[in-house]
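Work through the exercises below with the model open. Each task is followed by a stepwise solution.

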Amino acid sequence: MTSGDRTPVDSFEGFFRQHVASVRRFACRSVGDMYADDVVSETFTIAWRKWSDAPAAEGVRRAWLFRIAHNVMAHHVRSQVRRGRLLRWAGQMATESHPPDPADRVVGDDHVKQVLLALPFREREAMALVVWEDLTPQQAAFALECSVTALSSRLTRARQRLVAGISNLDEQGEEVRS
C-alpha cells in the first residue's frame, strides 16, 4: 500500500502515534498531570473530527495539533477559574487556596517543576512548545494564535521568571544544607 493509498484512519493513527507523547508532555507542563490525559483525549478527538481539514505539511500539521491542544487547555483554565469562583461564592475553599505543605517540597526536578507550573499559563505554553516540543517560533506562534513578536515576549518573560525562580530555590536549598 503506498502513502497515497492510505485511508484517513491509517494516516490519523500514524499521526496519533507519532504525536501523542509530545501533546501529553505539553499538557502536563501547562495544566499538570491530573488533567493531562483529559486534554490529550479531547485534543485528538477534535483533531479526528477535523482531520479532513488538517494541513498537509507535517510541520504545519503538528503546529495545528498544538493549536488544538492550546485551545483545549485554555478552555480548561477558564473552566477552572469559573469553578473556583463558584466555590468561593458558595463559601467553600478551593483546594488551590490552601497554603502548600512544606513537607511536599522535595529537591531537584520537583523544584524546577514548581517554578515552571508557577509561570503564567501563556508563558508556560510558549516555553513548552519551543523548548520541549521543538516547534519553531513561527509554528509555536501559529499554535498559540499569536504573533511571533508576542511569542518572543512570552518566552523572554518566562526565561526571566525561570532564572529568578531557580535562583530562589538554590538560595533556599543552601539555607537548608547549612
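**Exercise 1. How many aromatic pairs does the count come to?**

Step 1. Note the ground rules. This is a predicted model, where local features need pLDDT of at least 70, side-chain atom pairs count only at pLDDT 80 or more, and totals for chains, interfaces and linings use all residues. Residues are numbered from 1 along each chain as its sequence is written, and side-chain values use heavy atoms, with hydrogens and water left out.

Step 2. Apply the ring rule. Rings of Phe, Tyr and Trp (its six-membered ring) pair if their centres lie within 6.5 Å; planes under 30 degrees apart are stacked, over 60 edge-to-face, and the rest tilted. The count comes to 7 aromatic pairs.

Step 3. Classify one. The ring centres of Phe12 and Phe44 are 6.3 Å apart and the planes stand at 75°, so this pair is edge-to-face.

Step 4. Elements are DSSP runs numbered from the N terminus: helices (H or I, at least four residues) and strands (E, at least two). Phe12 lies in helix H1 (residues 8–31) and Phe44 in helix H2 (residues 33–49), so the pair ties together parts 32 residues apart in sequence.

Step 5. Check burial (buried is under 20% relative accessible area, exposed over 50%, partly exposed in between; 1.4 Å probe, protein chains only). Phe12 has 11% relative accessibility, so it counts as buried. Phe44 has 5%, so it counts as buried too.

Step 6. Follow the ring pairs. They link Phe12, Phe15, Phe16, Phe44, Trp48, Trp51 and Trp64 into a cluster.

**Exercise 2. Find charged ends that sit over rings.**

Step 1. The charged end of Arg61 sits over the ring of Phe15, 5.9 Å from its centre. Arg67 lies over the face of Phe142, at 4.0 Å from the ring centre.

**Exercise 3. Which residues have the most contacts inside the largest nonpolar core?**

Step 1. Define the core: buried Ala, Val, Leu, Ile, Met, Phe, Trp, Tyr and Cys residues joined through side-chain atoms within 4.5 Å.

Step 2. The largest core has 37 residues, and Met73, Leu129 and Leu151 have the most contacts inside it.

Step 3. List contributors. H1, H2, H3, helix H5 (121–132), helix H6 (137–144) and helix H7 (148–177) each give two or more residues. The largest share, 9 residues, comes from H3.

Step 4. Look for another. A second, separate core of 6 residues includes Val115, Leu119, Met127 and Ala158.

**Exercise 4. Is Glu133 buried or exposed?**

Step 1. Locate Glu133: the loop between H5 and H6.

Step 2. Decide. Its relative accessibility is 1%, so Glu133 counts as buried.

Step 3. List partners (contact: heavy atoms within 4.5 Å). Leaving aside neighbours within four places in sequence, Glu133 is in contact with residues including Arg25, Arg29 and Arg62.

**Exercise 5. Judge the confidence.**

Step 1. Start with the chain. Mean pLDDT (the predictor's confidence in each residue, from 0 to 100) is 80, and 75% of residues reach 70 or more.

Step 2. Over residues 92–96 the pLDDT is below 50, with 4 contacts beyond near neighbours in sequence.

Step 3. Conclude. Where pLDDT is low, predicted coordinates should not be read in detail.

Terms used
A charge sits over a ring if NZ of Lys or CZ of Arg is within 6 Å of the ring centre and within 35 degrees of the ring normal.
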